[in-house]
Amino acid sequence: FELESATNGSSVTIGTTTPPLPTDGLESGIQDIMKDLVGSVPGIDEAMAFGELMKMVQEMNYSTIVFDTAPTGHTLRLLSFPKTMDSAIGKLLELKNKFSGLITQMTAFMGAQGAESINQAITKLEQIKGLIDQVHQQIKDPEKTTFVCVCIPEFLSIYETERLVQELSKSEIDTHNVVVNQVLFPDKDAEDLIEWYKGAKSELPSEAQNLISKTIARKRMQDRYISQIFELYEDFNVTLMPLLDAEVRGVPSLEAFSALLLTDSSQK
């Protein structure tokens with residue numbers, strides 16, 4: 001793969017793709033080894049993803065960029081890539097310095113093209129390291145980056161959200177918003193539904209009674225977990241998003257749904 005990233009106003013190409021050289025034997029083998037080293041560094045995919053994000057930020061074609069991350073485990077790996085990459089690339093560069101004499105002898109033996117190939121690989125490692133440092137500072141700046149946690153009112157989802165919030169705090173990444181999705185009747189309590197059901201139960205067919213009783217049971221469970229969310233994140237902005245009757249698709253539906261994000265949860 002290859003990444004074009006604008007850095008300090010200039011275009012820098014970072015990646016593992018190198019122009020083919022008409023070489024064979026030892027020189028070709030060394031070139032393949034260096035390419036494999038660059039491509040197998042842990043977190044290289046995450047580095048490229050964040051590099052592309054930085055490219056969009058630097059070009060400033062958008063006022064806001066939303067980066068929709070994967071589930072918690074993948075997201076934590078994504079956020080830990082700066083430290084992982086810095087360590088991995090640092091060790092490779094240390095090896096370069098440690099065996100600089102040997103590398104000099106090898107490049108002299110291999111000729112000008114072989115030396116250029118090795119130097120290109122080392123230069124790319126140094127460029128990637130610089131890009132990582134830049135991205136790391138970007139995501140740690142609360143004026144530029146914040147993380148919005150999205151969960152549903154169930155045990156496992158809340159557990160994963162708390163795990164994510166703790167890791168974000170350790171990484172010094174700003175987060176002060178929690179969105180709770182798929183909430184049944186966020187403007188009502190389960191007790192309100194129970195009182196209504198007691199008065200109307202005798203007039204309802206058995207199938208309707210079964211459906212409503214299951215809905216009330218789900219609502220009581222959700223209310224319990226929502227209370228825990230408000231207790232856990234009392235300093236956060238917690239937004240409850242209702243469970244809708246249909247998928248949110250198309251611009252009008254997205255606009256209507258997004259308006260709910262700006263409404264105080266106590267008013268829903």
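These legends describe close-up views of a predicted model.

Numbering starts at 1 along each chain as its sequence is written, and side-chain values use heavy atoms, with hydrogens and water left out. Because the model is predicted, local features need pLDDT of at least 70 and side-chain atom pairs count only at pLDDT 80 or more, while totals for chains, interfaces and linings use all residues.

**View 1. The whole protein.** The secondary structure comes to 10 helices and five strands. Helices (H or I, at least four residues) and strands (E, at least two) are DSSP runs, numbered from the N terminus. Of the 268 residues, 35% are buried; buried means under 20% relative accessible area, exposed over 50%, and partly exposed in between (1.4 Å probe, protein chains only). Among contacts (heavy atoms within 4.5 Å) with a separation of 6 or more, 73% join residues 24 or more positions apart. The protein exposes about 16,600 Å², with 53% of it supplied by carbon and sulfur atoms. Areas come from the Shrake-Rupley method with a 1.4 Å probe; for residues, only the protein chains shown count as cover.

**View 2. The open sheet E3-E4-E5.** Three strands pair in parallel in this order. Two strands pair if DSSP finds at least two bridges between them. E3 and E5 are the edge strands, each pairing on one side only. Neighbouring strands are turned by 20° against each other on average, direction ignored. Axes are lines fitted to C-alpha atoms, for helices over the stretch in contact; angles run from 0 to 180 degrees between N-to-C directions.

**View 3. Strand E4 and its partners.** Four bridges link E3 and E4, and five join E4 to E5. Cys149 stands opposite Val178 in E4. Cys151 has Val180 as its bridge partner, and Val180 also stands opposite Leu240 in E5. Five of the seven residues of E4 are buried, so this strand is largely enclosed by the rest of the structure.

**View 4. The two faces of E3.** Side chains alternate along this strand. Cys149 and Cys151 point to one face and are buried.

View 5. E3, H7 and E4 make a right-handed β-α-β unit: with the strands pointing away from the viewer, the path from the first strand over the helix to the second runs clockwise. H9 lies across E3, E4 and E5, at about 175° to E4. Helix H10 (residues 251-261) packs on the sheet, touching E4 and E5, and its direction makes about 145° with that of E5.

**View 6. The largest nonpolar core.** A nonpolar core is a set of buried Ala, Val, Leu, Ile, Met, Phe, Trp, Tyr and Cys residues joined through side-chain atoms within 4.5 Å. Of its 22 residues, Cys149, Leu168, Val178, Val180, Ile229 and Val238 touch the most other members. Elements giving two or more residues include helix H6 (112-139), helix H7 (155-170) and strand E4 (177-183). H7 gives the most, with four residues. Apart from this core lies another, of seven residues, among them Leu92, Leu125, Ile128 and Ile132.

**View 7. Around Val178.** Not counting residues up to four places away in sequence, Val178 touches Cys149, Cys151, Ile229, Tyr233, Phe236, Asn237, Val238 and Thr239.
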